[in-house]
Amino acid sequence: MTFENTRAAGIKSSPSMAIAMAAKKLAAEGRDIIDLSLGEPDFEPPAHVAEAAAEAIRKGRVRYGAAAGMDSLRQAIVAKFSRENQLEYKIDEVMVANGAKQILFDVFLATLEPGDEVIIPTPCWVSYGDIVSLHGGDPVYVSCGPEAGFKIDAATLEASITPKTRWLMLNSPSNPTGAIYSDSEYQALGQVLARHPRVLVISDEIYEHVLLKDVPFVSFAQACPELRDRTLIVNGVSKAYAMTGWRVGYAAGPKALIAVLNKMQSQSVTSVSTIAQAAALAALTGDQAFVGQGAQTFAGRAKIVADRLAQIDGVDFTPPDGAFYAFIGIQRLLGRKTETGQVLADDPAFAAHLLQQFGLSSVPGAAFGAPGFIRLSIAASDRELEGACDRLGAMVASLKD
Ligand SMILES: Cc1ncc(COP(=O)(O)O)c(C=O)c1O
């Protein structure tokens with residue numbers, strides 16, 4: 001018997017989560033596994049975050065909340081955009097959801113008609129395409145390889161837009177590549193979009209604060225103010241404040257769109273946990289030193305990984321500008337054989353061998369729409385990262401022509 005309708009059957013479980021589960025299972029069986037498949041900071045949120053949640057519980061602030069989020073948190077989000085991005089939103093132009101991920105559910109649920117297209121430059125986060133499909137849209141993957149800096153340019157965007165295009169999905173800094181769009185790159189895209197008034201923009205800025213070099217972050221709405229009324233900024237506290245499990249994301253955009261997203265929430269989740277919202281409020285309004293320290297830690301780790309990978313023959317790696325991933329080109333190694341004679345024909349086979357025989361869990365590039373790569377999270381201790389590079393090096397050295 002099958003329980004799935006065609007929409008559910010048409011999508012897969014999150015590949016990175018599935019791989020993380022497989023790695024956990026091997027570890028539970030006693031295998032020595034370094035799991036670098038999932039992207040989440042490996043340190044605790046600042047102490048005042050947990051304290052704010054505890055206080056919300058102690059004081060009984062535990063009833064249903066408003067669908068859009070607590071007023072105090074929405075005010076803090078308004079203040080964040082003004083302070084950090086020089087963007088002025090009113091309180092009814094921002095909303096709170098169960099993570100950035102839920103905002104994508106809300107927005108595609110509310111806006112896509114069957115067959116509407118969503119342009120997704122690849123490599124892209126594993127979930128974008130399936131969330132679009134689940135809501136009846138057609139993901140249009142546009143390949144943006146290393147030669148393009150893993151970014152979509154104006155000409156490619158223009159060529160990808162059709163009468164059915166509804167959304168352009170942008171993500172900077174990018175998961176998995178760490179690429180960051182500059183002001184002028186966004187403006188060039190903005191000029192194309194100005195000619196296509198039906199096309200709306202989602203700018204996923206969840207890695208805004210994970211900056212690893214001197215490359216500055218710019219918000220899409222800041223670079224293209226004339227497109228503010230058709231831009232939805234998606235962000236959250238998961239990555240900046242190490243709060244992945246608290247499930248608090250937020251969005252900013254035109255009032256009418258935000259109202260529709262709130263309507264979706266009111267009929268689905270009701271509200272985000274008010275305890276988690278109290279914690280997010282403390283994160284956004286408290287001392288921000290934590291955020292910069294996190295970025296510094298990740299920058300140090302990116303350097304460790306870059307130095308080690310440079311010593312492995314056959315892998316291609318450009319250190320990322322942002323986010324906390326190493327996106328490693330393995331094209332030159334594909335087609336080679338393992339010690340038992342198995343041909344590693346593609347990146348899923350490569351990643352499977354790396355996990356099974358060398359105990360290192362990675363995510364194959366195919367999951368990001370980018371065959372020929374693997375992604376390692378660098379949100380792990382220096383020792384784990386060194387161990388991971390050693391294991392990758394040992395595997396590469398074991399391959400035969
Ligand atoms: C690019 C990107 N967007 C959104 C998310 C989801 O963030 P949240 O924890 O706020 O749902 C992730 C999580 O890995 C991500 O990598």
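Modeller: Two strands count as paired if DSSP finds at least two bridges between them. The model is predicted, and the pairing can be read from it as follows. Strand β9 and strand β12, which covers residues 373-377, are antiparallel partners joined over five bridges. One point to look for is Y325, whose bridge partner in β12 is S377. This pair belongs to an open sheet of three strands, in the order β9-β12-β11, and the pairing is antiparallel. The edges are held by β9 (325-329) and β11 (363-364); each has a single partner strand, so one side of each lacks a neighbour in the sheet. As a general point, the strands of a sheet pair through backbone hydrogen bonds, in either a parallel or an antiparallel sense.

Now to the ligand. The space that the ligand takes up is the largest pocket. Around the ligand there are 13 residues, and those that come nearest are A100, D204, S238, K239 and R247. By type, the shell divides into five nonpolar, four polar and four charged residues. Helix α5, residues 99-111, supplies the largest share of this shell, with three residues.

Some contacts can be given atom by atom. In S238, an N or O atom of the side chain is 2.7 Å from an oxygen atom of the ligand. For K239, a polar side-chain atom also lies 2.7 Å from a ligand oxygen atom. N175 has a polar side-chain atom 2.8 Å from an oxygen atom of the ligand. As for cover, the ligand taken alone exposes 400 Å², of which the protein buries 93%.

The peptide bond that joins N175 to P176 is cis, with omega about 20°. P176 itself is in the loop between β5 (165-171) and α8 (183-194). A cis peptide bond also joins T122 and P123, where omega is about 5°. That proline, P123, has its place in the loop between β3 (117-122) and α6 (128-134).

One more loop deserves a look, the one between β7 (231-236) and β8 (249-252), where A242 lies. A242 is not a glycine, yet its phi is positive, at about 55°.

Notes:
Residues numbered from 1 in each chain as written. Predicted model: local features only at pLDDT ≥ 70, side-chain atom pairs only at ≥ 80, totals over all residues. Heavy atoms only, no water. Near = heavy atom within 4 Å. Polar contact = N/O pair within 3.5 Å; in protein donor to acceptor, adjacent residues only side chain to side chain. Areas by Shrake-Rupley, 256 points an atom, 1.4 Å probe, with all protein chains shown as cover. 1 Å grid on protein atoms, 1.4 Å probe; cavity = no way out; pocket = protein on both sides within 12 Å on 5 of 7 lines; lining within 4 Å. Sits in = over half its atoms within 2 Å of the grid points. Helix = DSSP H or I, 4+ residues; strand = E, 2+ residues; numbered from the N terminus. Nonpolar A, V, L, I, M, F, W, Y, C, P; charged D, E, K, R; others polar.
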